[in-house]
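Today I opened a new model and kept a notebook beside it. Here is what I looked up, entry by entry.

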Protein chains: 2
Amino acid sequence: MKETTKHRILEAGAELVHRQGFNHTGISEVLHAAGVPKGSFYFYFKSKEDFGLALINHFRDTFARMTMQFLDDQSIPHLKRLRKVFAWFLDYFAQHGFERGCPVGNLAQEMSDLSPAFRESLADAIQGMTQAMTQCLRNAQKDGELSPRHDPDELARFIVSAWEGSLILMKVEKGPEAMELFDRMVFDHLLK
Amino acid sequence: MKETTKHRILEAGAELVHRQGFNHTGISEVLHAAGVPKGSFYFYFKSKEDFGLALINHFRDTFARMTMQFLDDQSIPHLKRLRKVFAWFLDYFAQHGFERGCPVGNLAQEMSDLSPAFRESLADAIQGMTQAMTQCLRNAQKDGELSPRHDPDELARFIVSAWEGSLILMKVEKGPEAMELFDRMVFDHLLK
């Protein structure tokens, strides 16, 4: 029962923070959205920062589950799996009016200079994203889909950077163009 | 005299918003940093949003001045000029502890979904950044530095995306590695 309430607070917080940022989201707003009585927050979280760190873990787990569902799909080549991950996200953002962006990238931008604890946890989360892609690119090299002249680790880091930046352009342009350009540049040029 | 006070408020606001974001920065904090009496804010700006829009113009002008100083340097090839722009920024961020990031990209991430007026003004600012780079790449093609198979406009947009994303990684990692990787990937691979 306790875990359910905590989970509800996290789900409501994830939605609000994803939409409007961490500093712009108040605890009472989260509790109201979760339908949880005020005052119970500090039963589950030591502080707003503690809540933010739990949110990062929540975002990281969601991202990992989502991407692995594509990256583990043995029926298609590795690079196609990776391309499907980004196509899934394009769909997701199209359904959400090209708002929100990457919750981890957003928090990295907003909070890295304001909280060392956030910074550390976000660095881990981004490293996790990068490692999953590095592994995919390594497998692609092993299977001859990707030229051995590439460094999978560098490529994965650059792809994550370029993706995060594409989502900034998406948010400002409110259209799919930056993500479509990312797809072409990465899969038709960079990974050739 | 009035203009000087307004300029001082903008300078102080630019510094604070660059460091900690727009929503996290209060008007009284800005006035205190500018050494301007409270109450005078609404003499110069209609609202906090109006102030934010003036800040975007301020950031855009600063960026344009800085980049054109390199892009107009007739003594070296066009792509070298562009590379120097990013090298200047790497230096800047190294001097500031790899904090802050791109003020326009930060506001785009933070404010695009919260204020249509911000979104529109930020879209213009990002388009301005992209256009300066497109022109540089076009000149590079004309002078035979860049293969004619590239589309300068698409390339410039992707470079801006990748740069914005690199700065997110920089903020979270507190080191130059993501910007150095950007430099190699863009100038040693993408623009070849």
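**Entry 1: two helices in chain A**

I began with helix α7 (residues 116-142) of chain A and helix α8 (residues 152-173) of chain A, which pack at an angle of about 130° with their axes 8 Å apart. Axes here are lines fitted to C-alpha atoms, for helices over the stretch in contact, and angles run from 0 to 180 degrees between N-to-C directions. Helices (H or I, at least four residues) and strands (E, at least two) are DSSP runs, numbered from the N terminus. I noted α7(A) as oblique to α8(A) because of that angle; angles under 35 degrees count as roughly parallel, over 145 as roughly antiparallel, 65 to 115 as roughly perpendicular and the rest as oblique.

I then listed who makes the contact (heavy atoms within 4.5 Å). On α7(A) I found, among them, A:Ile126, A:Met129 and A:Leu137, and on α8(A) the residues include A:Leu155, A:Ile159 and A:Glu164. By class, I wrote down 9 nonpolar, 3 polar and 4 charged residues. Ala, Val, Leu, Ile, Met, Phe, Trp, Tyr, Cys and Pro count as nonpolar, Asp, Glu, Lys and Arg as charged, and the others, Gly among them, as polar.

**Entry 2: ground rules**

I reminded myself that this is a predicted model, where local features need pLDDT of at least 70, side-chain atom pairs count only at pLDDT 80 or more, and totals for chains, interfaces and linings use all residues. Residues are numbered from 1 along each chain as its sequence is written, chains are lettered from A and ligands numbered from 1 in the order in which they are written, and side-chain values use heavy atoms, with hydrogens and water left out.

**Entry 3: A:Thr25**

I found A:Thr25 in the loop between α1 (2-20) and α2 (27-34) of chain A. Is A:Thr25 buried or exposed? A:Thr25 is buried, because its relative accessible area is 3%; buried means under 20%, exposed over 50%, partly exposed in between (1.4 Å probe, protein chains only). Its side chain has a polar contact of 3.1 Å with that of A:Gln20, and also reaches the backbone oxygen of A:Gly21 at 2.7 Å. A polar contact is a pair of N or O atoms within 3.5 Å; within protein, one must be able to donate a hydrogen and the other to accept it, and residues adjacent in sequence count only if both atoms are side-chain atoms.

**Entry 4: B:Ser75**

I moved to B:Ser75, in the loop between α4 (48-71) and α5 (78-95) of chain B. B:Ser75 counts as exposed, because its relative accessibility is 61%.
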